[in-house]
Amino acid sequence: MPDACILGIESSCDETAAAVVSSGERLLSNVVSSQIATHQPYGGVVPEIASREHLRAIVPVVRQALEQAGKTFDSLDAIAVTQGPGLAGALLVGISYAKALAFALDKPLITVNHLEGHIHAVLLEQRQKTAAERPGEKFQFEFPVLALVVSGGHTHLFLTQEQMNAENQATWRYQNIGRTRDDAAGEAFDKVAKLLGLGYPGGPVIDALSRYGNARAVKFGPAQIKHSNRGVARDQQTPFDFSFSGIKTAVLRYVELEGMRPAIAARQQALAKIAKPNAENIRPLCDQKTLDLVASFQYSVVEDLVAKTLEAADARNVRTLFVTGGVAANSELRARFEREAERAGLAVYFPSRKLSTDNAAMIAAAAYPKFMARDFADAEFSAEASLKL
Ligand code: KG4
Ligand code: ZN
């Protein structure tokens, strides 16, 4: 079978990304232009600014992706773009560009759900790794796969199956068996970091600072992290849903009770003077109480994510786990999943840290089965901010 060379474009949130992937398994280039520094002073992503920055970055980012891959526009087989979920204005930049490109080049256009992209990031890298380590062999894993997609906008458990269509082409099917009732896990990291004056985004900083804190110092009770089925009709009850807004409130209460406000204000002032603060700059500004608090927060969130995923795997007789999305970059989450999955006799796979957070390689990889099944988009589709998988 000849290689299918797909250009992926991703602009759903605050990264403008383009990548070229060959046949869903060979990463030829992966360019990500992050807007983090632009949004940092606001403590979160500002949608209007995000759209403007995407407009500025999209042309050079795509050019760079082609250049690094050693490809020309003409040598592409298809163009894939994120349709949603995400910020409508941000998505539209990628979509308009991809439509124009596909039209001008007369190439097929493929729409990809951002969440499906995160799942395929795992597959892309495992396939690539197997090809490098054992040429001629294919990455083997068992369906169904349980995929935990955990990021700044999402916390979902998808039960994933492969199905053959009428032309005997494999397509992927997803059943959502768990989701957050309120905040996404990454959002909780970001909000807690903001509350403690640790900057934005919160995940990487809390991950780095937690190494210096005692994760058992602050106890968060199950009620602060478990979703409640009280008042929910029996057939609507979902054992594998998540809830992370309670723990954020518990952190706020702890801050008030322990009188941490003045220290937070002093840290915010000190950080405002640093152009792009990172964990190295922030650690000396934290007392032990703060380090213990972030470590305890991270411990509780990770424990809940791991425990629920393993319970769901057990209930659905799953042997393979994919853990993906921005929060999958978290060191504690990776270590705990590896330990617990081994204990339960399950295989667990993560993307590299680079492909855990938003990128376009995952979009180009997820488009490959659709390319093979000739599942192409017409010119009429638009951005779907709340697109379901
Ligand atoms: O997948 P992603 O880049 O964008 C969304 O689709 O949301 O995820 C970004 C999220 C942010 O909330 C960020 O704080 C979190 O992923 N994140 C982390 C880590 N690195 C990024 N959370 C915990 N630990 C990390 N190391
Ligand atoms: Zn994402």
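## How two helices pack

Are helices α2 and α3 roughly parallel or roughly perpendicular to each other? The axes of α2 (residues 47–69) and α3 (residues 88–105) cross at roughly 30 degrees and come within 9 Å, so the two helices are roughly parallel (angles under 35 degrees count as such). In this predicted model, local features need pLDDT of at least 70, side-chain atom pairs count only at pLDDT 80 or more, and totals for chains, interfaces and linings use all residues. Residues are numbered from 1 along each chain, chains are lettered from A and ligands numbered from 1 in the order written, and side-chain values use heavy atoms, leaving out hydrogens and water.

On the α2 side, S51, H54, L55, I58, V59 and V62 meet G89, A90, V93, G94 and Y97 of α3 (contact means heavy atoms within 4.5 Å).

## The zinc site

Let's turn to the metal. The zinc ion (ligand 2) has H114 (NE2), H118 (NE2) and D358 (OD) as its protein donors, lying 2.1 Å from it (donors are N, O and S atoms within 2.8 Å of the metal, or 3.2 Å for Na, K and Ca). H114 and H118 sit four residues apart in helix α4 (residues 114–133), about one turn, and both are buried (under 20% relative accessible area, with a 1.4 Å probe and protein chains only).

## Backbone details

Cis peptide bonds join G84 to P85, with omega about -10 degrees, and F143 to P144, with omega near -5 degrees. P85 lies in the loop between β4 (78–84) and α3, while P144 is in the loop between α4 and β6 (145–150).

Note on methods: Axes are lines fitted to C-alpha atoms, for helices over the stretch in contact, and angles run from 0 to 180 degrees between N-to-C directions. Angles under 35 degrees count as roughly parallel, over 145 as roughly antiparallel, 65 to 115 as roughly perpendicular and the rest as oblique. Buried means under 20% relative accessible area, exposed over 50%, partly exposed in between (1.4 Å probe, protein chains only).
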